[in-house]
Amino acid sequence: MSLAFQRTMLSLGAAVAIWGYFAHRMLDGVRVVDQAPGKVLWAFMAVVVLFVIAEAAIAGWAGVRQRAEGGIAEDERDVAIAAEAGRWESGVVLAGVNILVLHAILDAAYAGHALPRIDLTHMPTLVFALVSVLFAGHLTRLTITALRYRP
Amino acid sequence: MPVVQPARAKGRVMPRIRELRGAAGITQQELADAALATRQTIIAIEAGKYAPSLELAFRIARALGAPFEAVFGFDPDAD
């Protein structure tokens, strides 16, 4: 099992855990809880700080392992994998934002529709939806990376 | 009017790194270090899962001390 694969799996685990924490702060079942802006900002900042700490810790661990193992840290295949994973991430974020935009327009045009509702006029729901789209993109990037590095 | 379909590109690079590396008594890590690549990339190339750039392919051939065509064959009929 390569160091790149282990590092990707650690990042994936950390991202899932952090999104789980964010969902725990924002949701009650499948409904976004009504919260004051200060609480939503606190939850968002906690996610950002946890994410930075987790990625810094994983990068530090990987750096120590890389120095111990020696050899080239990164080559053209790593760059190609990162580029491919980045394209997938961009696609998922683009699709997610477009779905939210279309949902907002169609929700206003067809108020009586039977599809699941996402009330984007509700600030905590909007924040949760946008952060979840970012996480979906990030998780996609890590999943593609892990698939390419899998043993 | 008949529709002309563009010819589908065929062909596959067939690396012979494993045989040449074995004959030369070089480990994957040694070859990776000499070719400025990671060991995982050498493993992927040997397994046919990654097609290297021309620059890396030449570095590998040079590291193995073999002509380029001896290291990277080409099967023009493979899909």
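A residue is called buried here when its relative accessible area is under 20%, exposed when over 50%, and partly exposed in between (1.4 Å probe, protein chains only). Thr145(A), at 11% relative accessibility, therefore counts as buried.

This is a predicted model, in which local features need pLDDT of at least 70 and side-chain atom pairs count only at pLDDT 80 or more, while totals for chains, interfaces and linings use all residues. Residues are numbered from 1 along each chain as its sequence is written, chains are lettered from A in the order in which they are written, and side-chain values use heavy atoms, with hydrogens and water left out.

**Chains**

Helices (H or I, at least four residues) and strands (E, at least two) are DSSP runs numbered from the N terminus. Chain A has four helices and two strands, in the order α-β-β-α-α-α along the sequence. Its C-alpha trace spans about 60 × 30 × 20 Å along the principal axes. Of its 151 residues, 33% count as buried. Chain B has five helices and two strands, arranged as β-α-α-α-α-α-β. Of its 79 residues, 33% are buried.

Accessible areas come from the Shrake-Rupley method with a 1.4 Å probe; for residues, only the protein chains shown count as cover. Chain A exposes about 9000 Å², 70% of it from carbon and sulfur atoms. For chain B the accessible surface is about 5200 Å², with 57% on carbon and sulfur atoms.

**Helix 4 of chain A**

Thr145(A) is placed in helix 4 of chain A. Leaving aside residues up to four places away in sequence, Thr145(A) touches Thr8(A), Ile81(A) and Ala85(A), a contact being heavy atoms within 4.5 Å. Ser132(A) also lies in helix 4 (residues 123-149) and is buried, at 17% relative accessibility. Its side chain makes a polar contact with the side chain of Trp19(A) at 3.2 Å. A polar contact is a pair of N or O atoms within 3.5 Å; within protein, one must be able to donate a hydrogen and the other to accept it, and residues adjacent in sequence count only if both atoms are side-chain atoms.

**Salt bridges**

A salt bridge is a side-chain nitrogen of Lys or Arg within 4 Å of a carboxyl oxygen of Asp or Glu.

| Pair | N to O distance |
|---|---|
| Glu69(A) and Arg65(A) | 2.9 Å |
| Arg117(A) and Asp107(A) | 2.7 Å |
| Glu84(A) and Arg148(A) | 2.8 Å |

Glu84(A) in helix 3 (residues 76-109) and Arg148(A) in helix 4 are 64 residues apart, so this pair links distant parts of the chain. Glu69(A) and Arg65(A) are four residues apart in helix 2 (residues 37-69), and are therefore separated by about one helical turn. Glu69(A) is partly exposed at 47%, as is Arg65(A) at 25% relative accessibility.

**Interface**

The contact takes nine residues from chain A and 13 residues from chain B. The two chains bury about 860 Å² between them, 53% of it on carbon and sulfur atoms; buried area is the accessible area (1.4 Å probe) that two parts lose on being put together, summed over both. Ile72(A), Glu76(A) and Arg77(A) supply 62% of the area that chain A buries against chain B, more than any other three residues. Zero salt bridges are found across this interface, but four residue pairs are in polar contact (both at pLDDT 80 or more).
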